[in-house]
Amino acid sequence: MVDIASLLESSSLLDRWELESVKKDKEETVARSIISYRHLKTELQSQCISLSAQEERLDEESSSAEPLTVWVMGTWGALESVDGKTEDAEEYSRKKRELTKEIVMLKIQVLCLNQVHVSSCIKQLQDLITSGSKAPTPQALQFCRFEEWVQGNQQIYKLQSKMLDLEAAKIRLHKEFCIQDDKELSQSSVSTITTRQSFASHLEKKLGCKEPDVTSGELNLEELVVSQGSGEIASILDRILDTSHVNSTFEACKLKAYIRECWDVQNIEDEFPTGVHPDRYQEFVGGMAQYIIDKQLTHQRESLSYDMVYAKIEQYLLPSIYNIIQAHIRKPEEDKRISQMYKNLAHITQTQFGISPVYQDDGIAPYYAAVACMKSMALSILPSRKIHAIVSAAHCVFRKLNELSMLEHSKPPGADEFMDVWVYVVLKSKIPNLASTIAILRGYSNPNLAFSEAGYYLSSVEFACRYLERINEQDYRDKSHLLTERLVVCEQARFGKMAQEETAVFEILSQDKWLQGFEVFAVKEWHLDPTRFYRTVIVPSLDASTKVKVSVVKVRPENTSFSQLEMLEQVFMCPGDENGLSCTRTNNGIAVTLHVDHVRDQLTLIPIPDGNYDVFEDTVTNFATLDKLACDYNPPSRNAPAEIVLMTTVMETMQKMEDIVSSTYSIPKAPDGAVRNLIGALVTDLRQMNYLSSLFDTPEVYSALIQSAVQKFQTEYNRNCQSSTSRLPSNGLLCPSTWAALQNSIGKVTKTATPNS
């Protein structure tokens, strides 16, 4: 067997970017040239062996591919399993393998052409030695001329062009697979989120996996710009991507060809993307970035990343075509409406805009630092720099909110407070052509940003843009029907606590009311989402004697901002028949009811005995938490979207699992139960390890925020793990091995933090 790894490391002379040291010698001796060419031939052979092995692996994968479990990215990064996409995924995987195999075969052809040329040079040089010639190496056979020969070989250029086209085809294939069914679930759209409050709920959950540093304001955006520590790689990329006329590298020639294409194309159509069409741009830049990454460099292999290369390509490409992009993507009507809104709301105060008094900046120019950062978007045409300005502004907002909360000795700010201030900052920034700028960032920025912190903040700017298009100067409170309605809720204890807060949104009108002709169901899946206002629904009953214990509440307008009113009205009065939900008027007020036959998502309904939900709230929450623990609990199979589980079954399951959880995780039994104590301990440990932010008051339920924090811990633990047998599953579930690893890490942190005696 050939040791491919040792062959790959045996020589680095194949890297064209390392030939500079050889070029420094003005004269090459024949012997020196032969040695260099022989080393190069060995490297070429090892590359061929490596690619042949890769081709064999692709053939094996195509013949023994396992059935795929398909996960698609939903709104704001929520992963959802879609059984109907399995066949599409298998077809996508097959096509991707075929494209990869074609690329590998083309690489082998290029290497073979190089080998033929190198072998020819070696033979001619050996003939010179045999003839006894003492002259320097002929210019055509000099080793330092090898790169020029490669650049001038038309056959190699054509093969490289085919590779670049295939890389672009892989990007096009991936995009078509992601959007072919559910365009409304696209990460780039915020059309389904219409209020600052609802957007803030999603933002708060997502920030759990990547916390901004709101104290120092320092940015860590390696995915946007090449870091200062990679000057060597930056210079390498500069040399091969420079679009000046003297640069004849393959990459530079392709960049210049694409620039000519952008200027030559007159009509740009969505059906056949050409020129500066976003799809064509992303295919070209993404394909070029992947092509450069796939060169299989040696000493730069660990440092070179896709995002670095993408940013460098953007730096050399955008200035030449930015005016054409603006002409194609501009949105003059939307820009005009937003500019008019800047004028109409120029004198609006923070109070009028709905910002809580605690978080109002008393400076001459409120939130000046954030506004200044946002205005700097106009100073650069590069999408990466514009997004850098957005993230800087967001960090300034968080830092100022934190300072204000400390001055007022109030609770730390959350995503709700951030969104109120954020829309205000965007309004005061008066960014010219805001709608067009967002369209450019969405179409021409690095797609990887959609799944990073920068992507969330970019979405928040897009939301602010849409929000500013809708608001006007009239007082929204006077138009809301919600202020005159009474709301019927089954969760008396929860709403009672909310009504006791300092700036409570709800006011309790009456408690312990009985609603006749209905029965109440707890929805298991909703109990792990702390952003929901209600976790139960009522269903009309055929038995008129059935009743539900409820409270009657109303909204307090003095503590409610415009955006909060919009969100509450949508939640309680206009559920839009989502998952069978509807608004029903009862004798006590408006209630949200459920039509089981119209449920689309998977919901587990638990009927509440005697209609008194508060008695069973903790039991249902603990029962829902079992799905997040990997300790001998397997949920029953589901036969319909809406499935009913009796409370007796829930109680029996919890009695059994409490003992298992207590022994498996070494959690002592307590009146609150082992499951509840386990989650409380988990939240404390994640905060101590800085996987949960102290800025947010994290509820002690296994929410998406906690699952993201656990998944991040698992990923970082596996990265530092020496043994493959002790790796953790990276699914965010709290299995016993994950809990043990977390406790071990906590012990190390505590030991490090303890001063030496």
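Predicted model: local features only at pLDDT ≥ 70, side-chain atom pairs only at ≥ 80, totals over all residues.
Two packed helices are described by the angle between their axes and the distance between the axes. For helix H14 (residues 383-407) and helix H16 (residues 434-444), the axes come within 10 Å and cross at roughly 115°. The crossing of H14 and H16 is left-handed. On the H14 side, the contact is made by Pro383, Lys386, Ile387 and Ile390, which meet Thr437, Leu441 and Tyr444 of H16. Sorted by class, the residues of this contact are five nonpolar, one polar and one charged.

Strand E5 (residues 518-523) is mostly covered, with five of its six residues buried. E5 pairs with strand E6 (residues 536-540) in the antiparallel sense, over five bridges. Within this pairing, Val520 has Ile538 of E6 as its bridge partner. E5 is also joined to strand E10 (residues 603-607), again antiparallel, by three bridges. Here the bridge partner of Ala522 is Ile606 in E10.

Both E5 and E10 are among the elements that cover the buried residues of helix H20, as are helix H18 (492-499), helix H21 (647-664) and helix H22 (674-688). Helix H20 spans residues 617-625, and eight of its nine residues are buried, so this helix is largely enclosed by the rest of the structure. The buried residues are Glu617, Thr619, Val620, Thr621, Asn622, Phe623, Ala624 and Thr625.

A search of the whole structure finds 19 aromatic pairs. One of them is the stacked pair of Phe146 and Trp149, with 6.1 Å centre to centre and 25° between the planes. These planes count as stacked because their angle is under 30 degrees. Phe146 and Trp149 are three residues apart in helix H5 (residues 146-152), so about one helical turn separates them. Phe146 has a relative accessible area of 4% and is therefore buried, whereas Trp149, with a relative accessible area of 25%, is partly exposed.

A tilted pair is formed by Phe713 and Tyr717, at 6.0 Å centre to centre and with 40° between the planes. Both residues lie in helix H23 (residues 704-720), four residues apart, about one turn of the helix. Phe713 counts as buried because its relative accessibility is 4%, while Tyr717, at 26% relative accessibility, counts as partly exposed. Elsewhere, ring pairs link Phe495, Phe506, Trp526, Phe533, Tyr534 and Phe572 into a cluster.

Technical notes
Residues numbered from 1 in each chain as written. Heavy atoms only, no water. Axes fitted to C-alpha atoms, helices over the stretch in contact; angles between N-to-C directions. Helix = DSSP H or I, 4+ residues; strand = E, 2+ residues; numbered from the N terminus. Left-handed = near helix turned anticlockwise from the far one by under 90°. Contact = heavy atoms within 4.5 Å. Nonpolar A, V, L, I, M, F, W, Y, C, P; charged D, E, K, R; others polar. Buried < 20%, exposed > 50% of the residue type's maximum accessible area, 1.4 Å probe, protein only. Pairing = 2+ DSSP bridges. Phe/Tyr/Trp six-rings, centres within 6.5 Å; stacked < 30°, edge-to-face > 60°.
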